Amino acid sequence: MNFIIPALAAVSQSASFLVDKMALRVRGMSVRGYLGMSFPLLFAFSLILFVLFGPPFPRELFTWPLNGIFAASAALIIVMNVVFYRAMAKDEMQELEVLDLLERIPAILVTAAVFSDERSPVIVGAALASSLAIAWAHWTGKKFSIKRTSLQFILLGFVTAPIRVGLTKILLTAWHPLSLEIARNAVFSVAFWPAYRRDMQAVPRRAAFMVIIANVLTFAAAVLGHMSYQLSGVVYTILLMSLQPFLVYIGAVLFLGERFHPRKFSAFLVVLASILVVQFG
C-alpha cells in the first residue's frame with residue numbers, strides 16, 4: 001500500500017485548513033465571501049489541469065446510474081462545506097479537526113461491511129482505534145464536551161460520512177481522480193457563485209491571497225486522496241488521513257495561538273501509533 005500519496009494529501013489538506021482559518025480571521029472576511037471565491041477558484045485550477053493533462057471524460061460517465069451517483073455525491077459535499085465553514089468561523093480550528101475524526105467511525109464500519117476488498121482486520125481495527133481515541137478525548141466523565149456549532153457539524157458528518165465515502169468509491173471505479181475533481185468543482189462553482197458573488201466582491205485583498213493558496217492545497221489534497229482510494233482502499237486512506245487533524249492541531253497551537261489540550265494530544269498519539277502498526281506491522 002502506498003503511504004506517500006495519502007500522507008501528502010493529509011499534509012496538503014492540513015496546510016489548507018490552517019490558511020483557511022487565517023483568512024477567516026482577517027477583518028471584513030466572511031464565510032459567504034470565502035465560499036463565493038473558493039469554488040470558482042477551484043474550477044479555474046481544474047480547467048488549467050484539464051488543458052495540461054487532458055484526463056478522460058468518456059460519455060459513459062454521464063449516463064444512469066453514474067450521473068445520479070455523481071449528483072448525490074456533489075450535493076452532500078456542498079452541504080457539508082457550508083456547515084463546516086460556518087463552524088470554522090466560530091470554533092477553534094483544533095476542535096473541528098478533532099471532531100472530524102469521529103465521523104470516520106461510521107465511514108470505516110459501513111465501508112468495511114459493504115465492500116469486500118476493504119475488510120482487512122488490522123487496518124479496520126487500527127482505523128477504529130484512532131477514531132475512538134478521539135471520542136475518548138472529548139469525554140469529561142459524564143458527557144461529551146462539544147460546542148453547539150461543532151455538534152451540528154459532527155452529527156451531520158456522522159449521518160452522511162458513510163454515504164459520501166461509499167459514493168466516491170463507486171464513482172472512482174469509473175472516473176479518473178482528476179476528472180472527478182474537475183467535474184465536482186464545476187458543479188460547486190455553479191452552486192456557490194450565484195449565491196455568494198456579491199460577498200465575494202467584498203473579500204479583503206489580504207484574505208484573497210490566502211484563499212488562493214488554500215484552494216490550491218485543497219485541490220491537490222482531493223486528487224491525491226482519490227488516487228489513494230483507488231490504489232490502497234478507502235479504510236487505509238481514512239487511517240492515513242488521520243494525520244491531517246494531528247498536523248492541524250499542532251499548527252493551530254503553534255501558529256494560531258489556540259490552547260494545548262493534553263487529553264486531545266494523547267488521543268493523537270494513539271492515532272500515530274495505529275498508523276505505525278499498519279504501516280510497519
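Predicted model: local features only at pLDDT ≥ 70, side-chain atom pairs only at ≥ 80, totals over all residues.
Let me begin with a word we will need: a residue counts as buried when its relative accessible area is under 20%.

I would like to start with helix 2, which runs over residues 31-53 and so has 23 residues. From its first C-alpha to its last, helix 2 reaches 32 Å, which is close to the 33 Å expected at 1.5 Å a residue. Which residues of helix 2 are buried? They are Val31, Gly33, Tyr34, Leu35, Gly36, Met37, Ser38, Phe39, Leu41, Leu42, Phe45 and Ser46.

Let us turn to the aromatic rings, where a search of the whole structure finds five aromatic pairs. One of them joins Phe50 and Phe57, whose ring centres lie 5.7 Å apart, and because their planes stand at 65 degrees, the pair is edge-to-face. Phe50 counts as partly exposed, with a relative accessibility of 35%, and Phe57, at 29%, counts as partly exposed as well.

Phe57 also pairs with Trp175: the centres of these two rings are 6.0 Å apart and their planes are at 90 degrees, so this pair too is edge-to-face. What parts of the chain does this pair link? Phe57 belongs to the loop between helix 2 and helix 3 (66-90), while Trp175 belongs to the loop between helix 7 (148-171) and helix 8 (177-201), so that the pair links distant parts of the chain, 118 residues apart. Is Trp175 buried or exposed? Trp175 is buried, because its relative accessible area is 2%, and the cut-off for that word is under 20%. Taken as a group, Phe50, Phe57, Phe62, Phe70 and Trp175 form one aromatic cluster.

Finally, I come to a pair of helices. Two packed helices are described by the angle between their axes and the distance between the axes. For helix 8 and helix 9 (residues 205-232), the axes come within 9 Å and cross at roughly 135 degrees. That angle makes helix 8 oblique to helix 9, and helix 8 passes helix 9 in a right-handed crossing.

Definitions and conventions: Residues numbered from 1 in each chain as written. Heavy atoms only, no water. Helix = DSSP H or I, 4+ residues; strand = E, 2+ residues; numbered from the N terminus. Expected span 1.5 Å × (residues − 1). Buried < 20%, exposed > 50% of the residue type's maximum accessible area, 1.4 Å probe, protein only. Phe/Tyr/Trp six-rings, centres within 6.5 Å; stacked < 30°, edge-to-face > 60°. Axes fitted to C-alpha atoms, helices over the stretch in contact; angles between N-to-C directions. Parallel < 35°, antiparallel > 145°, perpendicular 65-115°, else oblique. Left-handed = near helix turned anticlockwise from the far one by under 90°.
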